[in-house]
Amino acid sequence: MYKTLNLKEFVTQDTFNIVYDDQQKATAVLVPVSHWHPTKAAELQLLMEQLTYIPVFECSLKEIEERLCPEIQNVEFENTRLGHYNVYEPAENQEHKNHVIREYADHRELVEVDVNTGKSQIISRKF
């Protein structure tokens, strides 16, 4: 994606830096946000988002986790608000891989799940 910009349209002052790589090829223009021209700021912000957006299939696992974390938190909150529970594995439980925690809005349950049948049994409600 290429777009020709006249910096004078976007910048209210002549303060910007051009970033060069090792071969002295210009790779970026740094313009402090405080110097963006107010009427062009939205257009420049949109362009920056388009140029810096990384498709999910090109992201590292850490980047995917950072993108999904707010959405997961919203879903977990909505589940408990509706009276449902969220399920997760206990972090400290290495020897009992068939244990999970059901977390409700007001309490948690330690549950053992039969991996062959899918049946579950509550082990403890107070832990």
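Visitor: Leaving aside its neighbours within four places in sequence, which residues is Thr 80 in contact with?
Guide: Keep in mind that we're looking at a predicted model. Thr 80 has its place in helix H3, which covers residues 61-81. Skip the neighbours within four places in sequence, and its contacts are Asn 86, Glu 103, Tyr 104 and Ala 105.

Visitor: Is Thr 80 buried or exposed?
Guide: The cut-off for buried is under 20% relative accessible area. Thr 80 comes in at 18%, so that residue counts as buried.

Visitor: Which residue's backbone oxygen lies 2.9 Å from a polar atom of the Thr 80 side chain?
Guide: Polar contacts here are pairs of N or O atoms within 3.5 Å. At 2.9 Å from a polar atom of the Thr 80 side chain, the backbone oxygen belongs to Phe 77.

Visitor: How many aromatic pairs are there?
Guide: Ring centres have to lie within 6.5 Å to pair. Going by that rule, the count is 1.

Visitor: Is the pair of Tyr 85 and Tyr 104 stacked, edge-to-face or tilted?
Guide: Planes under 30 degrees apart are stacked and those over 60 are edge-to-face, with the rest called tilted. These two rings sit 5.2 Å apart, centre to centre, and with 55° between their planes the pair is tilted.

Visitor: How many residues apart in sequence are the parts that this pair ties together?
Guide: Tyr 85 lies in the loop between H3 and strand E3, while Tyr 104 lies in the loop between strands E4 and E5. So the pair ties together parts whose separation in sequence, in residues, is 19.

Key
Residues numbered from 1 in each chain as written. Predicted model: local features only at pLDDT ≥ 70, side-chain atom pairs only at ≥ 80, totals over all residues. Heavy atoms only, no water. Helix = DSSP H or I, 4+ residues; strand = E, 2+ residues; numbered from the N terminus. Buried < 20%, exposed > 50% of the residue type's maximum accessible area, 1.4 Å probe, protein only. Polar contact = N/O pair within 3.5 Å; in protein donor to acceptor, adjacent residues only side chain to side chain. Contact = heavy atoms within 4.5 Å. Phe/Tyr/Trp six-rings, centres within 6.5 Å; stacked < 30°, edge-to-face > 60°.
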